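Subject: Handing over a structure

Hi,

I'm passing this structure on to you, with some notes on what turned up in it. Have a look at it first, then read on.

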Amino acid sequence: QVLLVESGGGLVQAGGSRRLSCTVSGSFFSIGDMGWYRQAPGKQRELVAVTTSGGSTNYADSVKGRVTISRDNAKNTVYLQMNSLKPEDTAVYYCYARVRVGLRPYSDSWGQGTQVTVSS
């Protein structure tokens, strides 16, 4: 079983920074893409950033220049450094990872979500 545990959410003032972490644990063969989605109240879940196992990254236009995604493959951990936060960044942030268990195809695993609230 694969488990994703996020941390780092909380309350931050507009203009501030926050760093989210997500660690994958359990029994698995390898991890592919890792990334972050977010869901604000009344809105659909949207991609924030993704990084491949090779280190390539992709960002939503709304966060480009303010957010950096990185990963530590040795620790099975992905990070999301968020700077210059805005009230519209308020959301539950979900970590995901494409994980291969044994010889099975890669499948998506999700964390439980961590709340980030940006006050104006």
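A quick definition before anything else: two strands count as paired if DSSP finds at least two bridges between them. Strands themselves are DSSP runs of E at least two residues long, numbered from the N terminus. Keep in mind that this is a predicted model, where local features need pLDDT of at least 70 and side-chain atom pairs count only at pLDDT 80 or more, while totals for chains, interfaces and linings use all residues. Residues are numbered from 1 along each chain as its sequence is written, and side-chain values use heavy atoms, with hydrogens and water left out.

Let's start with strand β4, residues 30-39. Of its 10 residues, 7 are buried (buried means under 20% relative accessible area, exposed over 50%, and partly exposed in between, with a 1.4 Å probe and protein chains only). β4 runs antiparallel to strand β9 (residues 91-100), joined to it by 8 bridges. β4 also pairs with strand β5 (residues 46-51), again antiparallel, over 5 bridges.

How many does the structure hold? There is 1, and it joins C22 to C95 with an S to S distance of 2.1 Å. The link of C22 and C95 is left-handed, with -80° about the S-S bond. It ties together distant parts of the chain, as C22 sits in strand β3 (residues 18-26) and C95 in strand β9, 73 residues apart. Are these cysteines buried or exposed? C22 counts as buried because its relative accessibility is 0%, and C95 counts as buried because its value is 0% too.

β9 has a further neighbour, β11, which it pairs with in the antiparallel sense over 3 bridges. There, V92 has Q115 of β11 as its bridge partner. Strand β11 (residues 114-119) has a covered face made of T114, V116 and V118, and an uncovered one made of Q115, T117 and S119. Strand β2 (residues 10-13) pairs with β11 in the parallel sense, over 4 bridges, and L11 stands opposite T117. In general, strands of a sheet pair through backbone hydrogen bonds, either parallel or antiparallel.

Next, an open sheet: 4 strands in the order β1-β3-β8-β7, with antiparallel pairing. Its edge strands are β1 (2-7) and β7 (67-72), each of which pairs on one side only. Between β1 and β3 there are 6 bridges, in the antiparallel sense, and L4 has V24 in β3 as its bridge partner.

Last, two loop residues. N76, in the loop between β7 and β8 (77-82), has a positive phi near 55° although it is a residue other than glycine. N76 counts as partly exposed because its relative accessibility is 25%. S84 lies in the loop between β8 and β9 and has a positive phi of about 45°, though it is not a glycine either. S84 counts as partly exposed because its relative accessibility is 42%.

Over to you!

Notes:
Disulfide = S-S within 2.5 Å.
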